[in-house]
Amino acid sequence: MADVTTNMRRPSPAHASGPKPRRAFSRKNIMIYSILFVLAVYYLLPFYVMLMTSLKGLAEIRTGNIFAPPMEITFEPWAKAWATVCTGLNCDGLSRGFWNSVKITVPSVFFSIAVASVNGYALSMWRFKGANVFFTILIIGAFIPYQVMIYPIVVLLREIGLYGNLGGLVLVHTVFGMPILTLLFRNYFSSVPEELFKAARVDGARFWTIYFKIMLPMAVPIFVVAVILQTTAIWNDFLFGVIYTRPENYPMTVQLNNIVNSVTGVKEYNVNMAATLLSGVVPLTIYFLSGKLFVRGIAAGAVKG
Amino acid sequence: MQPSVSIQNLKLDFGSVSVLRDLNLDIGQGEFLVLLGSSGCGKSTLLNCIAGLLEPTEGSIHINGNNVTWSEPSDRGIGMVFQSYALYPQMTVEGNLSFGLKNARMPKDEIKTRVARAAEVLQIEPLLKRKPAALSGGQRQRVAIGRALVRDVDVFLFDEPLSNLDAKLRADLRVEIKRLHQTLENTMIYVTHDQVEAMTLADRIAIMKGGVVMQLDTPDVIYNKPANKYVADFIGSPSMNFFDTVLTTADGPQVSIAGKDVSLAGYDFTRPGVSGDVWFGIRPEHILTGEMAGAAPTQFEVRAELAEPMGAETLVWSSLDGTALRFRVDGQMKITPGDALLIGFDPARASIFDKVEELRI
Amino acid sequence: MSQSGKPTALFKNLSAKIAAIPMVLTALMVFVGCSVWTIIYSFTNSRLLPSAEWVGLDQYERLWGTRRWLISIENLAIYGILMLILALVIGFLLAALIDQKIRFEDGFRTIFLYPYALSFIVTGLVWQWLLNPEFGIQNAVRNLGFETFSFDPLYNPDTVLYGVLIAGLWHTSGLVMCLMLAGLRGIDEDVWKATKIDGIPAWKTYIVVVIPMMRPVFITTLVLVTSGIIKLYDLVIAQTGGGPGLASEVPAKFVFDMMFVSQNLAQGFAASTMMLVAVIFVIIPWAYLEFGGKKHG
Ligand SMILES: Nc1ncnc2c1ncn2[C@@H]1O[C@H](COP(=O)(O)OP(=O)(O)OP(=O)(O)O)[C@@H](O)[C@H]1O
Ligand SMILES: [Mg+2]
């Protein structure tokens with residue numbers, strides 16, 4: 001993974017490879033652009049259809065074409081998806097799931113990054129006996145299918161009284177975020193010159209002083225990458241949400257699935273698509289705002305699979 | 001007087017690799033000691049042990065009589081300056097200087113005075129509010145020295161502090177460090193690759209090889225009377241010429257080179273009376289040429305194979321008795337390859353080593 | 001100045017050790033402990049609750065006699081193989097296209113990668129809608145006049161997997177593209193110059209020079225995509241719910257249903273243990289190639 005991330009970091013002028021530039025409108029160029037254009041349409045189509053469907057009335061959906069723009073734009077489906085659509089007995093819309101997801105994501109991101117950054121720092125700077133054994137287990141652990149561990153974790157959470165709580169889910173996210181984040185931070189801190197750490201020790205700084213005063217301020221970019229990575233991953237999580245929380249605490253993904261795939265009642269496709277878009281808003285916003293950093297994050301986080 | 005730093009039987013292993021072996025070293029109060037040696041010989045490792053950044057496998061380290069072998073770096077009364085400066089990038093110069101003092105919970109006004117004083121000594125007052133990124137290499141290294149200075153330490157440790165600087169700055173800062181040592185009068189241990197630095201700065205030089213000190217003495221003795229062939233070869237550039245020969249004592253000490261006997265009258269024997277197979281070493285600058293050669297008791301004619309004019313003098317590559325030979329001639333002499341030159345040896349400036357342990361005879 | 005003795009090994013770097021407690025607990029209690037727990041309980045007859053009654057390999061015999069499990073395995077194999085090949089091929093082609101010094105590179109990359117930012121649930125739901133025969137693509141094409149056009153993979157047991165595959169590729173290929181692009185850019189520009197001087201055509205350079213040089217990137221991508229495939233769950237839940245019938249069941253869903261729906265814990269444990277075994281078969285050759293190979297050169 002390390003090589004991938006470093007390559008991502010290379011500034012774009014150095015990027016240039018491939019055959020040398022040629023005239024702007026050579027035959028080959030036109031072909032490349034047309035292929036890319038067609039592919040871009042394929043990738044964008046689902047988003048476009050989601051958006052169009054969510055702005056149409058049900059009647060128009062039934063008679064019209066999913067690719068056609070709405071003849072009459074309505075925001076009704078969005079309002080309904082957000083505030084009044086029912087899941088089970090609750091009829092307060094996706095807003096419930098949204099706020100649950102916020103309540104899950106914010107502390108999970110915070111704790112997982114706090115724990116992992118300290119871990120990565122301890123592993124790279126304060127090598128103590130046995131540290132690498134645990135780190136190796138941790139990295140191998142990243143490849144174990146979650147299915148193997150989910151039930152015993154239910155048992156453990158029940159033992160400590162966190163099963164079904166948001167607290168329990170936060171703990172689970174912290175635990176499963178640990179391998180990749182620890183790796184991310186360990187690699188980052190390993191690239192910090194060792195002499196800096198030595199200088200700080202000569203200056204009388206101990207473990208926590210060095211972490212908070214020296215390392216933390218230096219590591220801001222990698223923290224941003226970690227936040228992007230974790231926010232997206234936790235917001236998009238479904239499996240842990242459905243297992244470790246009760247229905248009233250379900251995150252947005254779970255609630256969305258329950259709304260759209262519920263077998264009762266009339267299928268309101270426009271509301272469904274509005275709801276789907278609503279749960280994509282947060283990760284998409286992060287994606288479009290963070291740009292290159294997101295790429296760095298997934299290149300590093302791809303290990304998580 | 002009690003030594004400032006005393007290292008006893010120090011051993012350090014990285015796993016199965018033994019980096020320092022049974023090292024003993026006493027450094028006097030106010031002494032400027034230079035650790036010199038080829039890359040990987042354990043200089044930084046030794047310095048890190050003294051600083052408390054590495055734990056020795058065996059042995060002990062005393063500073064001012066206190067056993068500090070297991071103390072925290074900050075409790076040892078040492079300050080350290082690194083090759084890469086190691087300034088805290090997010091702090092201003094002032095922050096860098098005061099970081100150690102803040103960690104020691106020193107009162108604010110005391111910190112202020114000390115920082116001001118150090119800045120004055122090092123002439124970095126105008127830079128106090130800048131971040132390290134906005135400083136030149138020389139300024140950064142000054143700040144790094146200042147970081148040790150403010151802490152008012154007994155022992156300064158330098159790990160190749162000038163290696164990252166260009167030649168001119170290096171010379172300037174070298175003088176400044178020397179001056180600093182004269183003003184502060186505290187102990188300094190200085191690691192370097194650079195022989196010129198070592199020669200000009202040191203009160204004593206310790207030449208290290210493979211985790212062992214090969215010789216510890218004043219620059220003068222190290223240069224003129226190297227204790228063994230390694231030191232003789234290591235010090236001096238270009239390095240000493242060595243002839244593989246036999247030392248006989250029957251008709252007074254003499255060695256035989258290219259079939260001629262070279263008398264060693266005037267050589268100051270460390271071990272008089274020893275004879276047998278030896279290395280006869282003579283520095284390029286101690287080979288007599290021109291008129292001086294004519295006056296030498298034994299003379300040789302050699303052919304110049306290559307000449308490297310260096311301005312004031314010219315370095316001539318040649319060979320004698322199958323041994324490559326380098327010597328210096330006056331820069332005014334024009335030498336072309338193939339020229340025949342007369343040379344001679346001044347035995348008083350030679351170095352002779354036995355071939356078993358390669359120690360000075 | 002303090003004069004202290006040699007600290008005992010336990011208290012050396014004490015703060016670092018305390019700080020590492022969460023990692024140690026996670027490694028030992030969750031990754032080792034929980035996995036071992038599951039493996040052990042897969043040899044019991046736990047149903048609603050874990051029970052300690054030992055039944056040997058019974059659960060495994062039953063598992064491999066269960067039609068739904070066999071279908072899940074087969075589905076995963078088909079989906080997995082196709083996904084791997086197609087994701088790598090599409091990802092590489094996208095990367096190679098983008099690497100042609102084109103304009104709007106960032107724009108295209110943003111477009112190809114954005115699905116990866118979305119959850120599998122969103123991916124599954126949107127493709128469920130697009131592939132809806134009544135209102136989706138099929139309907140749109142029929143409205144154009146192709147009355148007999150038929151494209152409803154999700155409602156046909158024989159083709160439902162391909163419907164899931166389309167969605168999966170849409171979601172993942174951007175990631176593969178990103179990794180491949182990083183690999184392509186890691187190749188020295190001089191390689192291109194050299195092949196150009198030698199007059200080797202671009203396509204041949206890719207096949208003969210570039211792809212072999214990108215071996216590490218391919219291996220990494222392979223492992224990532226594979227471990228993603230084994231975990232395949234959310235996408236199926238959202239898009240097909242495992243249907244029609246059992247036609248798009250997958251092992252992860254089998255495990256979940258056994259544990260949390262059918263109250264047949266031990267079957268779930270046995271099935272998840274089999275998943276673990278499968279992963280080990282992927283990881284070991286990879287670890288060998290990645291770490292074992294390096295030592296020798
Ligand atoms: N953490 C370590 N683990 C294993 N070996 C090490 C470690 N640190 C240093 N070494 C080895 O110890 C030896 C001495 O290293 P040291 O850094 O002290 O050399 P040095 O004399 O300072 O060299 P240089 O002049 O290049 O700085 C080297 O051979 C090095 O490879
Ligand atoms: Mg060194």
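Here is a short chat about a predicted model with chains A, B and C.

Visitor: Hi! What does the secondary structure of chain B come to?
Guide: Hello! Chain B has nine helices and 21 strands.

Visitor: And what does its C-alpha trace span along the principal axes?
Guide: The C-alpha trace of chain B spans about 75 × 45 × 40 Å. Its accessible surface is about 15,600 Å², and 50% of that belongs to carbon and sulfur atoms.

Visitor: How much of chain B counts as buried?
Guide: Of its 361 residues, 50% count as buried. One place to look is helix α1 of chain B, residues 43–51, where eight of the nine residues are buried.

Visitor: Which ones are they?
Guide: The buried residues of α1(B) are B:K43, B:T45, B:L46, B:L47, B:N48, B:C49, B:I50 and B:A51. Just after that helix, B:G52 takes a positive phi of about 90 degrees.

Visitor: Is B:R328 buried or exposed?
Guide: B:R328 counts as buried because its relative accessible area is 15%, and the cut-off for buried is under 20%. B:E285 has 29%, so it is partly exposed.

Visitor: What about chain C, which residue forms a salt bridge with C:E105?
Guide: That is C:R185, with the closest N and O atoms 3.1 Å apart. C:E105 sits in helix α5 and C:R185 in helix α8, 80 residues apart. C:E105 is buried at 17% relative accessible area, and C:R185 is buried at 5%. Salt bridges that share partners also join C:D99, C:E105, C:D106, C:R109 and C:R185 into one network.

Visitor: How much area do chain C and chain A bury between them?
Guide: About 8,900 Å², with 75% of it on carbon and sulfur atoms. C:M23, C:F31 and C:W129 supply 9% of the area that chain C buries against chain A, more than any other three residues. The contact takes 98 residues from chain C and 98 residues from chain A.

Notes. Residues are numbered from 1 along each chain as its sequence is written. Chains are lettered from A and ligands numbered from 1 in the order in which they are written. This is a predicted model: local features need pLDDT of at least 70, side-chain atom pairs count only at pLDDT 80 or more; totals for chains, interfaces and linings use all residues. Side-chain values use heavy atoms; hydrogens and water are left out. Helices (H or I, at least four residues) and strands (E, at least two) are DSSP runs, numbered from the N terminus. Buried means under 20% relative accessible area, exposed over 50%, partly exposed in between (1.4 Å probe, protein chains only). Accessible areas come from the Shrake-Rupley method with a 1.4 Å probe; for residues, only the protein chains shown count as cover. Contact means heavy atoms within 4.5 Å. Buried area is the accessible area (1.4 Å probe) that two parts lose on being put together, summed over both. A salt bridge is a side-chain nitrogen of Lys or Arg within 4 Å of a carboxyl oxygen of Asp or Glu.
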